[in-house]
Amino acid sequence: MMASSDVDIRGEGSLFSDQNPSEMDALCPSPPGPSRPQRHYERIGGRAGTSFCQTLIHLLKGNLGTGLLGLPLAVKNAGLVLGPVSLLCMGVIAVHCMRLLVKCSHHLSVKINRPSLTYGEAAQYGMENVSWLRRHSQWGRRTVNLFLIITQLGFCCVYFVFLSDNVKQVVEAANATTFNCQINNTNHTQVLVPSFDSRIYMLFFLPAFVLLVFTPNLKYLAPLSLVANLVMTASLILIYFYSLTNITDPSNLPKVGRAKDYPLFFGTAIFAFEGIGVVLPLENKMQRPQSFTVVLYLGMGIVTFLYISLGTIGYMCFGEHIGGSITLNLPNCWTYQAVKLLYCFGIFITFALQFYVPAEILIPPVVARVSERWETAVDLLLRTVLVIFTCALAILVPELDLVISLVGSVSSSFLALIFPPILQIITFHNEDLSPLVTVKNVVISVIGSVGFLTGTYIAIVEIVARNAVKHEETFSTYMVQ
């Protein structure tokens, strides 16, 4: 049970309270100074801040996930030349926006005499700088928190689809799995084992995810999280090895993709680059925050290199056959079947960390309104409902590539591209901000807005079209029977 003082503190919040948690809160200790109220979890680690290397590792972990595995298909949508060039440009812009967010947070922290700010708080205090926005400043924080919730629950939906697709493929190819990893590199394996629809697999995973988010303290998952990081790293090395050693002649691949597919590239790419939610928590928790700029540039430089290299190499290896995740194209030999399952294990554990953010924003204000004896029951019930909700969304759209693109277009574009430049304008508007800087910020926000609109529209159109085709095929099969 929680102490009554904790309940009182939480009772003062709203649905989108001043606390703007990150999954990194569960991985990094808080710095010396005022700290957030403790809720059901303690933070993993002690009170000392994180070192340069620890922060770099957390930054890499916060940016490398399922989005990386979907980038070969993104390069296919953009073209063999335009895709890597676009990824580089998007990486530069995304890192610049992260730097803008840190810069604005520093400026506002000094101005209001606070040791650190969250993304939502930076939005709120930034709006208070503008007289005609001051009375609506709370909506800045609420809007950022809303998009954080959408983004993190979107990640959780992607995890459901990723696990179901990969485990389904392993099960279907069980009888065809060999020790020869050079056979059938397009992975068109005859299905020898009767299999369920991928949505049935999602329902199989649902109880496991529910039990996972019931973990009362995230520090209990720390050993598993470490193992997950190691197996995902090993899996990524093997994916690189196979892709590099099986590159085919790329001369027949289009250098520039179709214009109508480019918004899908944008959604997938910005989904992969959407690590801006972990930037302020990591910077706030460093022992030497003044070194964070070096960490940011070094870490995101590594991330951008991995994105461009795997996206390009994966597309050159599998060509037109590339799937929503490159793991779906790996050969059906035991080595790479193990890679798929190990990566699935890593994603499964990561689900709890991604779920932490929306749970900490949405659940405490509701729990604060019930009597103490019902707190635990209500907390677990709400967690169950949130997991079922994400599973239901994944079942409605069981297309991995389109779910990634949709989540990236809808929410990641706002957090990573649209809002940081606007935040700089409103934060420094009274301090002789250069007209060139203003124009640059407006251009970046416009690019993000266009990507948001076109990416969302194309992703929804493709989802509707694929569902129509599936229903047609199901109806035809039924009529034949």
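Let's start with Asn113. Is Asn113 buried or exposed? Asn113 is exposed, with a relative accessible area of 69%. Keep in mind that this is a predicted model. Where does Asn113 sit? In the loop between helix 5, residues 82-112, and helix 6, residues 119-127. Its backbone is worth a look too. Phi of Asn113 is near 60 degrees, a positive value in a residue that is not glycine.

Follow the chain into helix 6. How many of the nine residues of helix 6 are buried? Nine of the nine, so helix 6 is largely enclosed by the rest of the structure. The buried residues include Tyr119, Glu121, Gln124, Tyr125 and Met127. What covers them? The cover includes helix 5, helix 7, helix 11 at 279-284, and helix 15.

Asn129 lies in the loop between helix 6 and helix 7. Asn113 is exposed, but Asn129 is buried, at a relative accessible area of 9%. The cut-off for buried is under 20%, so Asn129 qualifies. Which residues does Asn129 touch, leaving out those up to four places away in sequence? Leu108, Lys111, Arg134, Ile426, Thr427, His429 and Asn430. Take Asn430 from that list. Asn129 and Asn430 are 301 residues apart along the chain, yet their C-alpha atoms are separated by 8.2 Å.

That brings us to helix 15, residues 400-427. Helix 15 has 28 residues. From first C-alpha to last, helix 15 reaches 38 Å, close to the 40 Å expected at 1.5 Å a residue. Where does helix 15 bend? At Ser413, by about 55 degrees.

Now helix 8, residues 198-213. Start at its beginning. A side-chain oxygen of Asp197 comes to within 2.8 Å of the backbone nitrogen of Arg199. Helix 8 has 16 residues and spans 22 Å from its first C-alpha to its last, close to the 22 Å expected. There is a kink, though. The kink lies at Phe205, is about 35 degrees, and comes shortly before the proline Pro207.

Pro207 belongs to helix 8 as well. Pro207 is partly exposed, with a relative accessible area of 47%. The C-alpha atom of Pro207 is separated by 9.3 Å from that of Val387, and the two residues are 180 apart along the chain.

What about the buried side of the story? The buried residues of helix 8 include Tyr201, Met202, Phe205, Leu206 and Phe209. They pack against helix 7 at 137-172, helix 13, and helix 14 at 375-396.

Helix 13 gives us one more residue. Thr350 is in helix 13, residues 334-367. Thr350 is buried, with a relative accessible area of 6%. Beyond residues up to four places away in sequence, Thr350 touches Lys61, Tyr159 and Met232.

Last, a pair of helices. How do helix 2 and helix 12 cross? In a right-handed crossing. The axes of helix 2, residues 52-63, and helix 12, residues 292-318, come within 9 Å and cross at roughly 35 degrees.

Conventions. Residues numbered from 1 in each chain as written. Predicted model: local features only at pLDDT ≥ 70, side-chain atom pairs only at ≥ 80, totals over all residues. Heavy atoms only, no water. Helix = DSSP H or I, 4+ residues; strand = E, 2+ residues; numbered from the N terminus. Buried < 20%, exposed > 50% of the residue type's maximum accessible area, 1.4 Å probe, protein only. Contact = heavy atoms within 4.5 Å. Expected span 1.5 Å × (residues − 1). Bend = angle between axes of the 7 residues up to and from the residue. Polar contact = N/O pair within 3.5 Å; in protein donor to acceptor, adjacent residues only side chain to side chain. Axes fitted to C-alpha atoms, helices over the stretch in contact; angles between N-to-C directions. Left-handed = near helix turned anticlockwise from the far one by under 90°.
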